[in-house]
Amino acid sequence: MTNLKKTDELYMRRCLQLASLGQGHVSPNPMVGAVIVCDGKIIGEGYHRKCGEAHAEVNAVNSVRDRSLLKRSTIYVSLEPCSHYGKTPPCSRLVIDSGIPHVVIGCLDPFPEVSGRGADMLRRAGLDVRVGVLEKECLELNKCFITVQTKKRPYIILKWAQSADGYIDCLRDKSEKACVISDAVTSALVHRMRSLYDAILVGRKTAEMDNPSLTVRYWTGDNPLRVVIDKDLSLPRNLRLFTDGIKTLVFTSEKHVPEGEVEYITIDFSRPVVPAILQCLYEKKIQSLIVEGGRYTLQSFIDSEYWDEAHIEIGKQVLKAGIPSPVISGTKVAFEKHGNSEIIKILNR
């Protein structure tokens with residue numbers, strides 16, 4: 001590895017660290033970090049903090065105390081600087097106007113209005129531009145944003161907990177409580193996950209049997225948009241999803257006016273339901289979706305190939321009988337131990 005490559009990767013890793021600080025706050029925008037280096041020292045850095053606010057490059061340039069140094073500096077940015085006018089002016093123009101002569105980009109932006117154009121604008125202005133430093137890591141950081149741009153749907157995470165012998169719940173009626181598989185540690189991790197993604201979905205039976213809140217209670221952050229499938233509007237109106245004042249989206253075959261924070265979306269249940277739901281969420285600029293249950297709903301996403309990764313928690317309990325876990329195949333990429341459980345991460349590839 002050359003010294004230049006080592007240097008580029010060193011500062012790009014710092015860009016990625018900074019960019020990740022925006023997770024859970026910038027959607028539907030991507031996470032971006034930027035670092036400005038002069039004479040081997042970082043003289044400015046920044047990241048995109050919140051949707052609608054300044055981009056990473058703006059915050060990095062504004063953090064530089066001695067602006068005269070910019071004319072002999074390099075700016076590292078994890079995602080190609082934008083070249084179009086949105087809620088903020090184009091960052092490529094800012095870099096040009098600041099006098100920075102060298103630009104190192106992690107990956108190109110898949111957004112149609114931007115892809116390749118930011119780098120081209122910089123080159124046409126005479127700047128030295130290098131692209132593709134830690135490209136894989138930069139793409140992975142913004143997998144949700146990239147999925148929306150390339151597949152026109154949210155990034156989908158399937159999540160469930162199962163017993164050691166492969167059941168997600170015991171056989172019961174709605175007067176009985178669900179079998180608890182998650183412990184305090186893994187429950188907190190689930191709530192952290194909810195704080196990082198845009199929406200969370202359950203089917204009618206899970207909503208009725210468990211009366212879940214689907215909120216961030218054991219972590220800090222914003223609650224996700226809650227999504228429930230209720231074809232015939234048969235769910236009791238006193239469920240937490242309808243009464244706690246937090247935004248909920250209901251997909252149904254019936255027409256219904258909004259009630260407080262509950263919005264009803266009518267879809268055709270005689271046609272495939274999953275793609276219809278995903279199209280609606282895409283139109284609402286939802287970048288990421290957690291599907292938490294139940295088994296039928298999870299399996300419908302698996303069978304229709306609408307999923308990107310699955311997080312499966314395996315507890316120590318042995319139920320001997322009950323509702324079997326979904327059947328899934330993919331590439332196992334992670335195995336972790338948390339509390340009394342093991343968590344497996346599977347990618348759809």
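Seven residues make up one side of the domain boundary: 7 residues of domain 1 are in contact with 11 residues of domain 2, contact meaning heavy atoms within 4.5 Å. The model is predicted: local features need pLDDT of at least 70, side-chain atom pairs count only at pLDDT 80 or more, and totals for chains, interfaces and linings use all residues. Residues are numbered from 1 along each chain as its sequence is written, and side-chain values use heavy atoms, with hydrogens and water left out.

Domain 1 spans 4-144 and domain 2 spans 151-345. These bounds come from an automatic or database domain assignment. The centres of the two domains, taken over C-alpha atoms, lie 35 Å apart. Domain 1 and domain 2 bury about 880 Å² between them. Buried area here is the accessible area (1.4 Å probe) that two parts lose on being put together, summed over both. Carbon and sulfur atoms carry 49% of the area buried between the domains. In domain 1, Gln-23, Lys-143 and Cys-144 lose the most area to domain 2. Together they account for 57% of what that side buries.

The interface of domain 1 and domain 2 holds 1 salt bridge, defined as a side-chain nitrogen of Lys or Arg within 4 Å of a carboxyl oxygen of Asp or Glu. Lys-143 and Glu-309 form a salt bridge, with their closest N and O atoms 2.9 Å apart. The side of domain 1 that touches domain 2 comprises 2 nonpolar, 4 polar and 1 charged residues. In this division Ala, Val, Leu, Ile, Met, Phe, Trp, Tyr, Cys and Pro count as nonpolar, Asp, Glu, Lys and Arg as charged, and the others, Gly among them, as polar.

Lys-143 also belongs to helix α6 (residues 143-151), where 7 of 9 residues are buried. Buried means under 20% relative accessible area, exposed over 50%, and partly exposed in between (1.4 Å probe, protein chains only). Helices (H or I, at least four residues) and strands (E, at least two) are DSSP runs, numbered from the N terminus. Among the buried residues of α6 are Lys-143, Cys-144 and Phe-145. The buried residues of α6 pack against α5 (135-141), β6 (155-162), α10 (273-283), β12 (288-293), β13 (309-314) and β16 (341-347). Just after α6, Lys-152 takes a positive phi of about 60°.

The structure holds 19 salt bridges. Arg-204 and Glu-208 pair at 2.7 Å, N to O. These two residues lie 4 residues apart in helix α8 (residues 204-210), so about one helical turn separates them. Arg-204 is partly exposed, at 34% relative accessibility. Arg-226 and Asp-244 form a salt bridge, again with closest N and O atoms 2.7 Å apart. This pair links distant parts of the chain, 18 residues apart. Arg-226 lies in strand β9 (residues 225-229), Asp-244 in the loop between α9 (240-243) and β10 (248-252). Arg-226 is buried, with a relative accessible area of 0%, whereas Asp-244 is partly exposed at 31%. Salt bridges that share partners join Glu-140, Lys-143, Glu-309 and Lys-345 into one network.
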